[in-house]
Amino acid sequence: MDSQQSTIIKVENLSKSYTNKNKEIHVLDNISLEIKQGEIISILGESGCGKSTFLNIIGGFEKADSGQVLLDGNVVNQPNRKCIMLFQDYGLLPWRTVLKNVELGLEGLKLHPAERKERALHYLALVGLKGKEDLFPHELSGGMQQRAGIARALALKPELILMDEPFAALDTFNRYYLQDELLRIQQKEKTTIILVTHDIDEAIYLSDRILIMHPNPGHIHREIKIALSKPRDRSHSDFQYYRKIIFEEFHFNHPNVTTEYYI
Ligand SMILES: Nc1ncnc2c1ncn2[C@@H]1O[C@H](COP(=O)(O)OP(=O)(O)OP(=O)(O)O)[C@@H](O)[C@H]1O
């Protein structure tokens, strides 16, 4: 990543606690981070370490107790059109066609209906759904629904896409396919992406940097820069090198570990 590129996200000393049954849980502790425009960042960490909470605060869906997030220099305190959150359940409305689902996000913009349709069709074609525009979500496969969700997010031309385990529900074949699509489009549009994933290979395949979070309270334990050009070869020894580093981080390579990790 070019150090000359501008900073899009600045996270400063972010902390967050929740109260569950009168007990305070310190979820995030003093997280600071900078992300450059066009970077893909993955967040890996065991279940409950605060990944989704962190993503939600960046997106303005949750408030931090202290610290702040700056998006393009402006403090984030509510959801913003520049930043779209993409969930694993696709979020498509079942009573609207694929085209109308993609157009939905654009309805708040002051676009002429023809322009809105044209933009929706453009992004549907980009994600490989040309010819499927008039189908309803239930008539699509899971992978196609996810692509429609991605098209809807991209059509808004966000500067930042937040993804919470976006491909977790897909089979390997569809997941690989969509990872490639995402990279291709991301390189074209220069969108910045922050991705929460439980899939180590996915993180290495897509990311410029991987943030390893540790729990209790959640904090960034380590940052791993993936210095490989894209597209990457999952079977290459360089790829395996990063797998090994990350597996060791989570102690998967140690035979005597008894802790059960859900990452
Ligand atoms: N709205 C909430 N109210 C109270 N506690 C919450 C809330 N949201 C999250 N928590 C708690 O905060 C902690 C972190 O949750 P979070 O969902 O951010 O973790 P995560 O790393 O994304 O987990 P997973 O990988 O299982 O999705 C958990 O202990 C969870 O129970």
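Helices (H or I, at least four residues) and strands (E, at least two) are DSSP runs, numbered from the N terminus. With that in hand, let us walk through the views.

View 1. Along the principal axes, the C-alpha atoms fill a box of roughly 60 × 45 × 40 Å. Buried residues account for 33% of the 263 residues; a residue is buried if 20 or more other C-beta atoms lie within 10 Å of its own, exposed if 12 or fewer, and partly exposed in between, with C-beta atoms placed from the backbone. Of the contacts (C-beta atoms, placed from the backbone, within 7 Å) between residues at least 6 apart in sequence, 68% join residues at least 24 apart. Please keep in mind that this is a predicted model: local features need pLDDT of at least 70, side-chain atom pairs count only at pLDDT 80 or more, and totals for chains, interfaces and linings use all residues. Residues are numbered from 1 along each chain as its sequence is written.

**View 2. Here is the shell around the ligand.** The residues shown have a C-beta atom, placed from the backbone, within 6 Å of the molecule. They are Tyr-18, Asn-20, Ile-25, Val-27, Gly-45, Ser-47, Gly-48, Cys-49, Gly-50, Lys-51, Ser-52 and Thr-53. Strand 1 (7–20), strand 2 (23–36) and helix 1 (51–58) each supply at least two of the shell residues, and helix 1 gives the largest share, with 3 residues. By class, the shell has 4 nonpolar, 7 polar and 1 charged residues. In this scheme Ala, Val, Leu, Ile, Met, Phe, Trp, Tyr, Cys and Pro count as nonpolar, Asp, Glu, Lys and Arg as charged, and the others, Gly among them, as polar.

**View 3. Four strands form an open, antiparallel sheet in the order 2-1-4-5.** Strand 2 and strand 5 (74–75) stand at the edges with a single partner strand each, so one side of each is left without a neighbour in the sheet. Two strands pair if DSSP finds at least two bridges between them. Strand 4 (residues 66–71) and strand 5 are joined by 2 bridges and run antiparallel, with Leu-70 opposite Val-75.

**View 4. Strand 7 pairs with strand 6 and with strand 8.** Strand 6 (residues 83–87) runs parallel to strand 7, joined to it by 5 bridges, and Phe-87 stands opposite Asp-164. Strand 8 (residues 192–196) also pairs with strand 7 in the parallel sense, over 5 bridges, and Ile-161 stands opposite Ile-193. Between strand 7 and strand 8 the chain passes through helix 5 (residues 172–189), a right-handed β-α-β crossover; right-handed means that, with the strands pointing away from the viewer, the path from the first strand over the helix to the second runs clockwise.

**View 5. Strand 7 (residues 160–164) is largely enclosed, because 5 of its 5 residues are buried.** In a regular strand the side chains alternate between the two faces of the sheet. Here Leu-160, Leu-162 and Asp-164 are buried on one side, and Ile-161 and Met-163 on the other.

**View 6. Leu-162 lies in strand 7.** Leu-162 is buried, with 24 other C-beta atoms within 10 Å. Leaving aside residues up to four places away in sequence, Leu-162 touches Leu-55, Ile-58, Gly-59, Cys-83, Met-85, Leu-86 and Ile-194.

Conventions
Contact = placed C-beta atoms within 7 Å.
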